[in-house]
Amino acid sequence: MASKRKRGSKADEKEDEESVAVCEISKNRKVSVRKWRGQVLVDIREYWYKGGECLPGKKGISLTMDQWNVLQEHVKQIDSAVQRVN
Amino acid sequence: MASENEEKEAVRVAVKEILSEEDMDVVTEGMVRKKAAERAGVEVSAPWFKGFVKQLIQEFVSARQDKSKRGEEEEEKGDENAGSQESSKAMLAEGEDEIICQLSGKRNVSVQNFRGKALVSIREYYEKDGKTLPSSKGISLTIDQWEALKKELPAIRQAIESLQ
């Protein structure tokens with residue numbers, strides 16, 4: 001997620017945020033794993049392109065580790081509900 | 001030589017087995033690590049190993065606590081929104097949605113039937129006039145996107161590992 005920072009330099013940004021993986025799940029949607037102020041977050045979000053840049057959009061959600069773990073524990077249940085969609 | 005992902009999968013399986021075999025009141029993380037390393041054929045000293053096993057143990061412990069809590073609640077409440085193995089077996093008709101689990105006080109994961117297509121929605125909810133309504137904060141994934149996400153789980157886990 002693009003964040004407004006008081007300090008502008010890239011070196012300072014690195015202290016707050018560190019993104020280690022970005023996976024595409026569709027043309028415009030990505031999952032990224034980052035560290036934000038000491039907390040690891042999994043972000044599932046839409047991105048849009050502006051002037052050659054790929055920017056995070058408003059549509060999406062950042063999950064904390066607790067939330068991510070609950071999601072992972074329920075993958076099978078999600079799948080079985082998906083199967084039941086008529 | 002096995003790739004790190006393959007090794008991690010082997011460790012995951014080994015830890016699961018060990019935790020179901022052992023008496024949880026007696027076994028220590030160190031013991032689990034040692035056994036898991038042996039079974040999976042992985043070096044205990046691998047940089048990702050300790051943190052990874054720790055995470056697996058935490059997942060197991062919290063899942064077990066939830067299960068025993070829910071087991072008691074289910075008997076009293078009947079099959080409400082238990083969220084575990086007891087979800088309704090009925091088909092999801094158009095316009096219907098089923099809450100699968102709660103990620104936090106305000107966030108749910110649900111599966112919806114939107115015009116015949118399944119959507120996996122990870123979203124915040126809010127209360128209005130006694131009703132619980134989905135907010136705009138969240139994302140609804142198509143099946144393709146959900147499948148793609150599942151495929152990326154190992155890479156995502158690895159990324160989480162490396163940041164912790």
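The following questions and answers look at a predicted model of two chains, A and B.

Residues are numbered from 1 along each chain as its sequence is written, and chains are lettered from A in the order in which they are written. Local features need pLDDT of at least 70, side-chain atom pairs count only at pLDDT 80 or more, totals for chains, interfaces and linings use all residues, and side-chain values use heavy atoms, with hydrogens and water left out.

Visitor: How many residues does the contact take from chain B and from chain A?
Guide: Contact here means heavy atoms within 4.5 Å. By that rule, chain A gives 41 residues and chain B gives 52 residues.

Visitor: Which residues of chain B lose the most area to chain A?
Guide: Buried area is the accessible area (1.4 Å probe) that two parts lose on being put together, summed over both. Between chain B and chain A this comes to about 3,800 Å², with 68% from carbon and sulfur atoms. On the side of chain B, 17% of what is buried comes together from the residues that lose the most, Leu103(B), Ile139(B) and Leu163(B).

Visitor: Which residues is Trp68(A) in contact with, leaving aside its neighbours within four places in sequence?
Guide: Some of the residues that Trp68(A) touches belong to chain A, namely Val42(A) and Leu63(A).

Visitor: Is Ile18(B) buried or exposed?
Guide: Ile18(B) sits in helix α1 (residues 4–21) of chain B, and, neighbours within four places in sequence aside, it is in contact with Val32(B), Lys35(B), Ala36(B) and Arg39(B). Because its relative accessibility is 0%, Ile18(B) counts as buried.

Visitor: At roughly what angle do the axes of α4(B) and α5(B) cross?
Guide: Leu149(B), Lys150(B) and Lys151(B) in α4(B) meet Leu153(B), Pro154(B) and Ile156(B) in α5(B). The axes of the two helices come within 4 Å and cross at roughly 50°.

Conventions
Buried means under 20% relative accessible area, exposed over 50%, partly exposed in between (1.4 Å probe, protein chains only). Axes are lines fitted to C-alpha atoms, for helices over the stretch in contact, and angles run from 0 to 180 degrees between N-to-C directions.
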